[in-house]
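Look at the model below before reading on. This report goes through its strands, its helices and its aromatic residues in turn.

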Amino acid sequence: MPLEHINITVPDPKASAATLCELFDWHIRWQGEAKNNGFTVHVGDDESYLALYAPSYTLNPEAERYHHVAGLNHVGVVVQDIDVVEDRVIAAGYSRTDREDYEPGLRFYFEGPDGIEFEVVQYD
């Protein structure tokens, strides 16, 4: 079964969605009121998306990645042309790390909006 969506808490869903649309050629699938008097933006493609959620109350800072149960370590995104996306990431002011070429394809990582780490992958 394919993964349909992942829900992530962010401080400003509209701003995060705008950046992700620019980087990955995604679109906003839906946006509106959400639980706890919050707001959510669903951003992605026609098959899957990230639900970017902000509650009405002040958020606690993120715990360190890879160090707590149920923590979000990174989000992997498959792209058609990794060089184009890498250029967009750098132009948007993010730093790429760990560009690697190993089976089954190319990949790099970057810390994007709201400190969320993304793994960008292009399969051969």
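In which strand is Tyr53 found? Tyr53 is found in strand 4. Helices (H or I, at least four residues) and strands (E, at least two) are DSSP runs, numbered from the N terminus. The model is predicted, so local features need pLDDT of at least 70 and side-chain atom pairs count only at pLDDT 80 or more, while totals for chains, interfaces and linings use all residues. Residues are numbered from 1 along each chain as its sequence is written, and side-chain values use heavy atoms, with hydrogens and water left out.

Tyr53 has a relative accessibility of 9% and counts as buried. Buried means under 20% relative accessible area, exposed over 50% and partly exposed in between, with a 1.4 Å probe and protein chains only. Thr9 is 44 residues away from Tyr53 along the chain, yet their C-alpha atoms are separated by 4.7 Å. Leaving aside neighbours within four places in sequence, Tyr53 is in contact with several residues, including Ile8, Thr9, Pro13, Ala34 and Phe39. Contact means heavy atoms within 4.5 Å.

Two strands pair if DSSP finds at least two bridges between them. Axes are lines fitted to C-alpha atoms, for helices over the stretch in contact, and angles run from 0 to 180 degrees between N-to-C directions.

**Antiparallel pairs**

| Strands | Sense | Bridges |
|---|---|---|
| Strand 3 (residues 38-44) and strand 4 (residues 49-54) | antiparallel | six bridges |
| Strand 6 (residues 96-102) and strand 7 | antiparallel | five bridges |
| Strand 7 and strand 8 | antiparallel | seven bridges |

The bridge partner of Val41 in strand 4 is Leu52. Glu100 stands opposite Arg107 in strand 7, and Phe110 has Phe118 as its bridge partner in strand 8.

Strand 6 and strand 7 form a hairpin with two residues between them. Strand 7 and strand 8 also form a hairpin, with five residues between them, and Asp114 in that turn has a positive phi of about 65°. Strand 7 is mostly covered, since six of its seven residues are buried.

**Two helices**

Helix 1 also meets helix 2 (residues 82-91): their axes come within 8 Å and cross at roughly 140°. Glu22, Leu23 and Phe24 make the contact from helix 1, and Val85, Arg88 and Val89 from helix 2. These residues divide into four nonpolar, no polar and two charged. Here Ala, Val, Leu, Ile, Met, Phe, Trp, Tyr, Cys and Pro count as nonpolar, Asp, Glu, Lys and Arg as charged, and the others, Gly among them, as polar.

**Aromatic rings and the core**

A pair of aromatic rings is described by the distance of the centres and the angle of the planes. Rings of Phe, Tyr and Trp (its six-membered ring) pair if their centres lie within 6.5 Å; planes under 30 degrees apart count as stacked, over 60 as edge-to-face and the rest as tilted.

How many aromatic pairs does the structure hold? The structure holds six aromatic pairs. One of them is the tilted pair of Phe24 and Trp26, at 4.9 Å centre to centre and 35° between the planes. Phe24 is buried at a relative accessible area of 9%, and Trp26 counts as buried at 16% relative accessibility. The rings of Phe24 and Phe110 have centres 6.4 Å apart and planes at 40°, so this pair is tilted. Phe24 lies in helix 1 (residues 13-24) and Phe110 in strand 7 (residues 105-111), so the pair ties together parts that are 86 residues apart in sequence. Phe24, Trp26, Tyr94, Phe108, Phe110 and Phe118 form one aromatic cluster.

The largest nonpolar core has 25 residues, of which Phe24, Leu50, Phe110 and Phe118 touch the most other members. A nonpolar core is a set of buried Ala, Val, Leu, Ile, Met, Phe, Trp, Tyr and Cys residues joined through side-chain atoms within 4.5 Å. Helix 1 gives the most to this core, with five residues.
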